[in-house]
Amino acid sequence: MAGSTDAAVKGATLRRAGVLAGFLAGPFFLISVGLNTSASIGYLHRLGWEFVGGEQVPWPSSLARGPHGWAQVATFLITGLLIVILAAAVRDRLPRRRASSFAVVLLAVLGVALLLAAFRVDTPMLSGGNPKTWNGWVHGIAFLLIIATGVLAPLTMALAVRGDPGWRPIAVVSLAASALFIVFLILPWGNATFLLAIVTLFGWIAALAARLATHHP
């Protein structure tokens with residue numbers, strides 16, 4: 001009896017931590033990047049960066065090489081950790097399906113990819129070149145993982161919760177998030193549409209946290 005009570009308390013604590021992490025991840029990342037971009041605007045313009053158009057400068061990754069690089073490194077680390085916590089909290093709340101395992105793994109991989117993005121972008125990559133150092137390759141791989149999981153994590157989550165009344169309407173929200181993420185990545189408006197893709201992804205994460213907060217198995 002005591003063991004089941006302890007497990008219930010730990011489960012409730014993990015759920016609250018996951019809900020808080022999911023709500024904080026997006027606002028923290030976006031506010032931090034926004035403030036750092038504003039403070040580093042001269043550095044970004046010297047690289048050829050523009051919010052719409054401009055050179056193909058990797059942003060916000062380029063901020064890690066700027067005057068406040070430590071802030072962007074910390075932003076990647078903290079945001080990644082928050083998403084990993086959310087994945088751990090969601091794990092035992094999803095329907096018992098194979099798709100649920102894939103959904104949790106992909107959400108966790110998204111968090112880990114953000115953690116790996118804390119390895120600074122390589123200097124040649126700031127001007128569209130290939131990485132020359134191991135940390136540059138790690139960052140480049142992390143970016144590809146973020147893009148892949150940004151599409152696949154919501155998609156598999158939709159499959160995992162389909163038809164489950166406890167998770168309604170996350171299936172529809174997840175499908176919409178995956179589709180919009182792809183659309184914003186394709187649109188040719190540079191960093192403006194990339195920002196919209198990021199906002200879409202974090203919006204989905206917040207919606208997942210909100211449903212977790214009210215979910216009762």
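User: Where does α5 bend, and by how much?

Analyst: Helices here are DSSP runs (H or I, at least four residues), numbered from the N terminus, with strands being E runs of at least two. A bend at a residue is the angle between axes fitted to the seven residues ending there and the seven starting there. In this structure, α5 bends by about 35° at Thr-149. Please keep in mind that this is a predicted model, where local features need pLDDT of at least 70, side-chain atom pairs count only at pLDDT 80 or more, and totals for chains, interfaces and linings use all residues. Residues are numbered from 1 along each chain as its sequence is written, and side-chain values use heavy atoms, with hydrogens and water left out.

User: How many residues does α5 have, and how far does it reach?

Analyst: The expected span of a helix is 1.5 Å times one less than its number of residues. Helix α5 covers residues 134-161, which is 28 residues, and reaches 39 Å from its first C-alpha to its last, close to the expected 40 Å. After α5 comes Gly-163, with a positive phi near 75°.

User: At what angle do α4 and α5 pack?

Analyst: Axes are lines fitted to C-alpha atoms, for helices over the stretch in contact, and angles run from 0 to 180 degrees between N-to-C directions. Helix α4 (residues 98-116) packs against α5 at about 155°, with the axes 8 Å apart. That makes α4 roughly antiparallel to α5; the word applies over 145 degrees, while under 35 is roughly parallel, 65 to 115 roughly perpendicular and the rest oblique. A crossing is left-handed if the near helix is turned anticlockwise from the far one by less than a right angle, and right-handed if clockwise. α4 passes α5 in a left-handed crossing.

User: Which residues of α4 and α5 meet?

Analyst: Contact means heavy atoms within 4.5 Å. Among them are Phe-102 and Leu-106 in α4, and Leu-145 and Thr-149 in α5. Thr-149 is also where α5 bends. By class, the contact of α4 with α5 has 19 nonpolar, four polar and no charged residues. Here Ala, Val, Leu, Ile, Met, Phe, Trp, Tyr, Cys and Pro count as nonpolar, Asp, Glu, Lys and Arg as charged, and the others, Gly among them, as polar.

User: How do α3 and α4 cross?

Analyst: Their axes come within 7 Å and cross at roughly 165°. That makes α3 roughly antiparallel to α4, and α3 passes α4 in a left-handed crossing. The contact includes Phe-76 and Arg-91 of α3, and Val-104 and Leu-115 of α4. Its residues divide into 14 nonpolar, three polar and one charged.

User: What about α6 and α7: at what angle do they pack?

Analyst: Helix α6 (residues 170-186) and helix α7 (residues 191-214) pack at about 170°, with axes 8 Å apart. That makes α6 roughly antiparallel to α7. α6 passes α7 in a left-handed crossing.

User: Which peptide bond is cis at Pro-60, and where is Pro-60?

Analyst: Most peptide bonds are trans. The bond joining Trp-59 and Pro-60 is cis, with omega about 10°. Pro-60 lies in the loop between α2 (41-47) and α3 (69-91). Another cis bond runs from Arg-168 to Pro-169, with omega near 5°, and Pro-169 is in the loop between α5 and α6.
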